[in-house]
Structure formats: C-alpha cells, structure tokens
Amino acid sequence: MKMMGNILDCRFIRREIEEAGPADSLSLNVSDHLDGCAACGVFFNEQVKLRELVSSLGTVAAPADFDFRLRARLAGEKPKAAHWFIPGNLSLGSRAGAFASLLLVIGLALGYVGLKPGPDTQTSAGRAATSPAVGSAVRPGASNGIAKAVGVAAPVNPSSDQLRIAPVSLKETNRPAIRRRPAASQFVATTEDRITSSDMASTQARIIKADNLVADAGRSVFPIESSGRPLKVSLDNGRGSSRTVSLPGVSFGGSQRTLTQNSTPLLASAHGAW
Amino acid sequence: MDTLSTIGDFSFAAAVRPELVADPATDHALIEATRVGDEDAFAELVSRYRNQITSYIYRMTSDYDEAVDLAQETFVRVYRAADRYQTTYAFSTYIYRIATNLAISELRKRKRRRLVSLTGFFQSKDGAEPQEFNPPDNRPLPDTELVDCERRNAVQRAIATLPEKYRAPLILRDVEGKSYEEIARILQASEGTVKSRISRARGFLREKMRAYL
C-alpha cells in the first residue's frame, strides 16, 4: 500500500517536473520528494540536461537575400493574382475557351463524319481494289515511306486512272512504308472527283409493260443488238491467276440458242486454279 | 543533495531572443497596414519573424534550403490572406500555424516520395518481414560552426526521427520557448494533448540521447 502510494507520488512529481518551465519554481512537495526518492532525482537530472541540449540548438538565421527573394516571389505572383481576382476577365476567358473547345469538337465531329467510309464508298473501294488496272496503284503511304494523314487527297492528274488513298485518321505518324492491303474500314479510295454510286438494290426497277415495249420500239430498252454477241469476262483473283468466262449470245425469243437449251452455257477457260 | 528551489538555478542555454519580444499590438498594427497596401509594414513583419520561422521550419525538416523556401511561402500566404486576418489571436500564433502546416505537409510529401522500396534486398535470414533500408544521414548540418557542433547535430538528428505530431510541440516548447497555451492554439489542440505529446517526445529523446545525458 505504501509502495503504491510512492508510485503514485512519483508519477505526479515527474509530471510536475515535465510541465515546469525553465523559470518555473518547483513546489515544496516536489522538492521534499526529490530529497527522498533517488529514481525521481535521476529523472529530474536527465530532464534538465535534455532541455539544455534541445534549447541549445539556437536560432538558425534566414539568408541575407531572404527579403529580396520574397519580394521577387510576391512580384511574380501579382499579375496572376490580378488576373484571377478580376471576375470579368475570368468569365471572359472561360467563355472564350469554352467556345473554342466547342468549335474544335464540332470540327472534329464533322471531319470524322465526312471521312467515315459508307457502304457506297466501300463498294467503290472494293471494286477499285480488285480491278487490275487500279489495284497496283493502290498502296498506303507515300513513296518516301511516311504515311501522311490528311483530310484531303493529294492532287491527281485528272487524265490518269490512278486512285489515291486518303487515310481517315487525322493523326500524323511516321511509319515505315509497309505494303499491306488496307482495310476497307480504314481507308477510302478517292479520285479528284469523288466517286458517287447508288445502291441499286434500294431503287425500284422500272416496270416495263408490253404496251411500253411497243411504244418504245424505237428506243432500245435493252441493248438487244449486243446480246447477239458472245460475252467474255476475265476474272482476276488478285493472286496472278485469271479465268475467262465466255457467255454465248442470248436471244429473247430469237432463232439463236437460248441459255436453257444449252447444257453448258458457260464456257470457261481457266488459266489457273483458284 | 542540495535543496532545489527552482529549475532556473541550473544554467540553461535557452536565452531569451530579442525578436521574441515583438509587441503583439504592433504586430496587429503592421498587419492592418499591410492590408491597406503598406509594403513597409509588411517588410517590418518579415524582418521580425523571418529568423524564427526559418529556424523553426529548419528544426522540423532538417533541410535548410527547404526551410528557407517554406519560410518564404509562409510569408507569401500571410500577405495573400492579409485581408482575412483576424486579431482574435496573436500574430505569432497565426504565422507559426501556417509554418507548422507547411512543414508537416513537406514531411508527408517526403514519405510519399519513396518510390523505390529496397525492402526486398534486406530480407532477414529467417524469412521474417523484410527490413526497410533506412541509411543514416551523417552529413554535417549548416550550424556546424557553433560550439559542440557534433552534439547539436546529434540532437537535431534525434529530433528528426520523432513523429511529426511529437516533433512540433517539442520544438515549440523547448527550442522556441512558447507557452503551452500558445502551442495549443498553434497546433489547434488542447493543452492536455500538447503536454502529453511533449512528454512522449522527451521520452523518445531521452532514449536516443542516453550517451549525452
């Protein structure tokens, strides 16, 4: 019990020693306790030395040019502060910025919509790719090996049959010229005059009636005279082999053989296997 | 043992610094003058507190260049917020609070800047938790020209190892000589909390500075 009392006393005494300032005087209780308690005496001495060590660190002086640098720093901030603290300028700037951003977004959207390959242009591109006269001229990238991404096709001699590839992407990149078949969705074949095509499937076929035939006898609805000649078609598979298909003449009620009478209407001379 | 009547009987090196006796009323007048655009008044405030603030932040961060930069930032913030300053508390409380927040922010940034962990290189042999590589910094500090520079360096390094919540009250109390009341206002904590943290800080220091006690 006495020991517990001493422990409690030591705790209170040490707390008082801790909280006392350098110029504070100790109470008589603390003084009397320190006389009789060696442990608290050691604690007291350590506390004094520790405070002496820490307080001896002293004050580190600011550099001589502190004021000058501070003035320069404040002067550098003043225009920014002025800019931000004028509400009119702030709103005008933000409005102009928003308007410019909006214009940019609209421009990009229009560019994307315009360059987006539709079904008609894809068909044209497909035809151009398979056509032997044009296919060899179709290659991505310019001769110097840089794939230039431009929104407008390079100028083409109107008299030539060559087509130029205009990539859709607006990002300019430097890539080595790699000869590869362009994906139809990425590139669009264009000429100087944009190819226009129409979807025949969506247009209603002209209905020809017997009366119209008589009335239009003078005008040829079908190129009847051309149907008398055999039709030869050369199909190129794009891998160097071609096949010629010969279609005999077709008569619509005439004396020439009809397709139905000919058991082998197609006379093909295959030059190569597909 | 002789009877001890006061701790002041022992020689403390905690001399009262002249700049600490700045008149609070004058400080308020100077900040009021700064508010209306008097740059000379602000220059006077800077000359009064630049050494204290620089020294305080240096004791907190142990980096002199950083301390100068943060001290300037402290004054910049005082200047920017001059129109919002209220005279409820002393100006020294106000400026020390700004300096404390900047110093603590810097200490926290340093912790986050440790991008590369070398723990993998220092795995203990028995496969226990890898130890963090924390090499000691034995470079001399800027105040090495003072007497007993090595002892002071040791004290500074010991303080630098304290957690930031213990470091600030200890420096404000034992280095800057602030009262518990003012420290509590600066740190926006209760006096009991301040006293408790100072006690814990001294306990840590006592263990680290055992050789010097």
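Chain B and chain A bury about 4700 Å² between them, with 60% of that on carbon and sulfur atoms; buried area here is the accessible area (1.4 Å probe) that two parts lose on being put together, summed over both. This is a predicted model, where local features need pLDDT of at least 70 and side-chain atom pairs count only at pLDDT 80 or more, while totals for chains, interfaces and linings use all residues. Residues are numbered from 1 along each chain as its sequence is written, chains are lettered from A in the order in which they are written, and side-chain values use heavy atoms, leaving out hydrogens and water.

Who takes part? Chain B puts 52 residues into the contact and chain A puts in 41, counting heavy atoms within 4.5 Å.

Now for the polar side of things. Between chain B and chain A there are 16 residue pairs in polar contact, both at pLDDT 80 or more. Such a contact is a pair of N or O atoms within 3.5 Å; within protein, one must be able to donate a hydrogen and the other to accept it, and residues adjacent in sequence count only if both atoms are side-chain atoms. On chain B, the elements giving two or more residues to the side that touches chain A are α2 (39-61), α3 (64-80), α5 (149-160), α6 and α8 (191-208). Helices are DSSP runs (H or I, at least four residues), numbered from the N terminus. That side of chain B splits into 25 nonpolar, 10 polar and 17 charged residues, with Ala, Val, Leu, Ile, Met, Phe, Trp, Tyr, Cys and Pro taken as nonpolar, Asp, Glu, Lys and Arg as charged, and the others, Gly among them, as polar.

On to the salt bridges, each a side-chain nitrogen of Lys or Arg within 4 Å of a carboxyl oxygen of Asp or Glu. Arg210(B) pairs with Glu46(A) at 2.5 Å, N to O. Glu19(A) and Lys195(B) form a salt bridge too, at 3.6 Å, N to O. This pair runs from helix α1 (residues 2-19) of chain A to helix α8 of chain B.
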